[in-house]
Each structure stands twice: as structure tokens, then as C-alpha cells.
Amino acid sequence: MSKIGVVGAGAWGTALAHAWSQAENSVTLLARTEKAAKVIRETGMNEAYLPGIALSASLQTTANPSALSSCDHIALVTPAQTIGEVFEKVSLHIPPTSQIILCSKGINKQSALTPWGILGKVVDQTRLAVLSGPSFASDVARELPTAITLAMENIADAEKLSAELSTPTLRLYASDDTIGVELGGALKNVIALAVGMARGLNLGASAEAALIARGFVEMQATIVGQGGEAQTVSGLSGLGDLVLTCSSPQSRNFAYGQAFVTRSLTDNQPLAEGVHTAQRALHSARQAGMEAPIMEAVVKVLDSVWTPQEAMQNLLARPLKREH
Ligand SMILES: NC(=O)C1=CN([C@@H]2O[C@H](COP(=O)(O)OP(=O)(O)OC[C@H]3O[C@@H](n4cnc5c(N)ncnc54)[C@H](OP(=O)(O)O)[C@@H]3O)[C@@H](O)[C@H]2O)C=CC1
Ligand SMILES: O=C(CO)COP(=O)(O)O
């Protein structure tokens with residue numbers, strides 16, 4: 001039995017906390033406010049983020065970060081743009097020997113750093129792990145079969161932690177490609193925005209498949225250029241998550257792309273990490289020597305430089321070239 005602290009009581013944090021708690025670990029879920037923690041404690045549900053799912057009876061929910069002080073592992077599960085400030089708030093309570101599991105998928109707008117880049121400046125990197133792969137929170141919370149990747153610098157550490165955090169339905173594969181795993185999760189969101197826009201424009205399933213395949217090429221060149229491994233991009237955290245996120249309006253990034261085109265974005269639009277990451281993703285692609293026309297189209301549409309229609313026309317008008 002492990003003692004696990006989960007920071008962030010949104011959809012993904014709650015789903016992971018529930019799954020780990022059901023697997024007989026001692027789990028503390030840290031909400032941002034006591035009001036949110038109290039609702040979860042009193043109803044046994046997180047209706048705001050995981051409606052209709054009865055949470056594990058042994059899950060402890062609080063807003064007091066001192067509850068983290070006895071945990072062996074701390075999962076940080078808030079949006080990528082918040083990781084620095086969130087860690088600062090809780091760091092005093094994190095035991096110096098605990099492992100820190102980064103679960104966010106994005107790149108910081110200001111610093112251009114991933115969560116690993118941010119935490120790696122203040123924590124010994126051998127304590128850090130990245131958890132990423134195809135996993136909708138509601139699937140994990142309903143204990144449907146899921147397989148994702150856990151990466152650490154040292155593969156033996158990754159194998160040990162993967163075994164500890166796997167459950168009968170949540171299967172963790174170990175990796176030592178921390179860059180590849182983390183960037184896969186960040187970049188697939190940008191491609192999912194493009195595919196969602198194609199859906200909004202009713203371009204058809206063939207166009208969506210083309211965007212997924214060419215988006216994969218952009219992801220692979222970018223990730224390899226940044227020091228990740230091509231094999232990782234073909235795995236769960238790259239191709240696996242790309243396929244999941246690009247094939248279902250259940251994905252918030254896909255849904256955002258679609259709603260952008262149909263002008264149905266709302267004030268309460270759920271988190272779409274790709275919107276905040278697109279510019280930095282494009283920059284990383286360019287650094288890696290990749291033209292990345294799909295990422296460029298997403299950035300230009302989000303910045304209102306092109307309409308979604310113009311973006312798709314411009315993609316089609318690009319000079320013909322060899323596939324590889
Ligand atoms: N949902 C999913 O299926 C998956 C999500 N992820 C990744 O996990 C990360 C979190 O996503 P998810 O849980 O879905 O997001 P949600 O929008 O569902 O929840 C975000 C949570 O973070 C909290 N939060 C937001 N800003 C801050 C802040 N500045 N300080 C403290 N807490 C804050 C929110 O608190 P409050 O309610 O008070 O605003 C909320 O509890 C993202 O990077 C996402 O890509 C990864 C895999 C699957
Ligand atoms: O990362 C996810 C699934 O693996 C969740 O995707 P969205 O954030 O687009 O909903």
C-alpha cells in the first residue's frame with residue numbers, strides 16, 4: 001500500500017485519486033478550496049468535474065496541504081500553466097524523499113518550459129516522474145481498461161513506480177524517455193484542436209485522418225528534435241493519445257476546435273490545454289527544423305490571423321512534396 005497525495009481535484013486528479021484509492025492505497029486528494037473539498041467529502045462525488053461517479057469511500061479530500069506531509073508520492077494534476085505556482089504553494093509540505101508525478105499536458109506560455117522543466121529547476125530530477133497517455137478521466141474513474149506511460153530518468157525507478165501505481169484496470173508502462181513522454185501529451189492537444197476544427201467545418205473523415213497522420217509527423221519531428229525518442233512518439237503517450245484525443249468530442253481540445261468553428265464557445269468552456277500550448281509547440285517544432293504547417297494553422301486561427309476556412313485552404317494549397 002502506497003501513500004499518495006493528489007494535488008488538483010479536477011477531472012483527472014479526482015479520477016486518479018479514486019482509481020488509486022480503489023486499489024487500496026491511502027490517497028489524499030487536495031482541492032484548491034475548502035468549499036470544493038467539503039462538497040466532495042459530503043456527497044462522495046465530484047459533481048463539478050466527474051458527474052455521476054461515486055468516489056472511493058476511503059478517499060480523503062481536503063484543502064489543507066499539510067495532509068501531503070506523510071505521502072510517499074505526490075501527483076501534480078492541475079493545468080500546465082499553473083504548475084509553478086501550485087508547487088510553490090504545497091512544496092513546504094512535500095516530504096524531501098517523496099516522488100513527484102507530473103500529470104499535466106502542456107508547455108508554459110511565459111517560460112516555454114514543460115512541467116518537468118519547471119520542477120526540474122527546484123527538485124532533484126531523479127524524484128520526478130511523468131504520467132501521460134490515452135486516458136479520459138471518466139474512463140479511468142469508471143475503472144474501464146486504460147494503458148498509459150510513466151517515465152523517469154532511471155528505468156528501474158520507473159518500473160518500480162509503475163508497478164506500485166498500476167491497478168487492475170489502469171496499466172502503467174515504464175519508460176526513461178521523459179522528454180518524449182511529456183512532449184507527446186502536450187503536442188497532441190494542438191493537433192486535436194486542428195482535427196476538431198475540421199469536424200466543425202464538416203470536412204469529412206478522410207480530412208480528419210490526414211490531419212492526424214500529418215500531425216503525427218509534426219509531433220515526431222518536434223519531439224525527436226527536442227531530444228525525445230521516435231519510438232516513444234509511436235507509443236501510448238504519442239500516437240495513442242493523439243488517436244484518442246483526435247477521435248472524440250469527449251476530448252476538450254477536440255471539442256474546443258469544433259466549437260471555435262461553429263462559434264459555440266462558452267464562458268465556461270472546459271480546459272483545452274492546446275490553446276495555451278500551441279504557440280510554444282510551434283516554436284519547438286521550428287527549433288527542431290520542422291515547418292509544422294498544422295501547428296502553424298492552429299496558432300494563426302487562434303490568433304485570428306486566418307479563419308478556420310482559410311487555414312484549411314492554405315494547408316491544401318501547400319506545394320506537393322514527398323511523404324517522407
Ligand atoms: N481530464 C482528462 O481526461 C485528463 C487530463 N490530463 C491533464 O491533467 C491536467 C489537469 O486536467 P483536468 O484535471 O482535466 O482539468 P480540470 O479543468 O478538470 O481541473 C483543473 C483542476 O485544477 C485546479 N486549478 C486550476 N487552476 C489552479 C490554480 N491556479 N491553483 C490551484 N489549483 C488550480 C482546479 O481547481 P478549481 O476547480 O478551484 O478551479 C481544478 O481542480 C491537464 O494538464 C490535462 O491535460 C491528463 C490526462 C487526462
Ligand atoms: O489528455 C486527455 C486524454 O488522454 C484528455 O484530453 P482533453 O484534455 O482534450 O480532454
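## Starting with a helix

Which residues of α11 are buried? They are R252, N253, F254, A255, Y256, G257, Q258, F260 and V261. Here a residue counts as buried if 20 or more other C-beta atoms lie within 10 Å of its own, as exposed if 12 or fewer do, and as partly exposed in between, with C-beta atoms placed from the backbone. Helices (H or I, at least four residues) and strands (E, at least two) are DSSP runs, numbered from the N terminus.

Before going on, a word on the model: it is a predicted one, where local features need pLDDT of at least 70 and side-chain atom pairs count only at pLDDT 80 or more, while totals for chains, interfaces and linings use all residues. Residues are numbered from 1 along each chain as its sequence is written, chains are lettered from A and ligands numbered from 1 in the order in which they are written.

## Around α11 and α10

Back to α11: 9 of its 10 residues are buried, so this helix is largely enclosed by the rest of the structure. Its buried residues pack against α7, α10, α12 and α14 (308-316). Just after α11 comes R263, with a positive phi of about 55°.

The buried ones are L236, S237, G238, G240, D241, L242, L244, T245 and C246.

In soluble globular proteins, nonpolar side chains tend to be buried together. A nonpolar core here is a set of buried Ala, Val, Leu, Ile, Met, Phe, Trp, Tyr and Cys residues joined through C-beta atoms within 7 Å. The largest one in this model has 98 residues, and L16, L76, L102, A129, I191 and V298 have the most contacts inside it. Helix α7 (residues 178-200) gives the largest share of this core, 12 residues. As for I191, leaving out residues up to four places away in sequence, I191 touches L211, I212, G215, M219, L242, C246 and I294. Touching, or being in contact, means that two C-beta atoms, placed from the backbone, lie within 7 Å.

Now look at how α7 meets helix α12 (residues 273-287): their axes come within 8 Å and cross at roughly 105°. That makes α7 roughly perpendicular to α12, a label used for angles of 65 to 115 degrees. Axes are lines fitted to C-alpha atoms, for helices over the stretch in contact, and angles run from 0 to 180 degrees between N-to-C directions. On the α7 side, the contact involves A186, L187, N189, V190, A192 and L193, which meet E273, G274, V275, T277, A278 and A281 in α12. By class, these residues divide into 8 nonpolar, 3 polar and 1 charged. Ala, Val, Leu, Ile, Met, Phe, Trp, Tyr, Cys and Pro count as nonpolar, Asp, Glu, Lys and Arg as charged, and the others, Gly among them, as polar.

## Two ligands

Ligand 1 is surrounded by 26 residues, with G10, A11, W12, S104 and A137 the closest. A residue joins such a shell if its C-beta atom, placed from the backbone, lies within 6 Å of the molecule. The elements that give two or more residues to this shell are α1 (11-22) and α3 (83-90), and the largest share, 3 residues, comes from α1. The shell around ligand 1 has 13 nonpolar, 9 polar and 4 charged residues.

Around ligand 2 there are 13 residues, and the closest are S135, D241, S251, R252 and N253. Helices α7, α10 (236-246) and α11 (252-261) each supply at least two residues of that shell, and α10 gives the most, with 3. By class, the shell around ligand 2 has 4 nonpolar, 5 polar and 4 charged residues.

## A few loop residues

E24, in the loop between α1 and β2 (26-30), has a positive phi of about 70° although it is not a glycine. E24 is exposed, because 12 other C-beta atoms lie within 10 Å. A292 is not a glycine either, yet has a positive phi of about 50°. A292 sits in the loop between α12 and α13 (293-302) and counts as buried, with 26 C-beta neighbours inside 10 Å.

R127 lies in the loop between α4 (115-119) and β6 (128-132). Leaving aside neighbours within four places in sequence, R127 is in contact with Q99 and I100. The C-alpha atoms of R127 and I100 are separated by 6.0 Å, though the two are 27 residues apart along the chain.

Conventions
Parallel < 35°, antiparallel > 145°, perpendicular 65-115°, else oblique.
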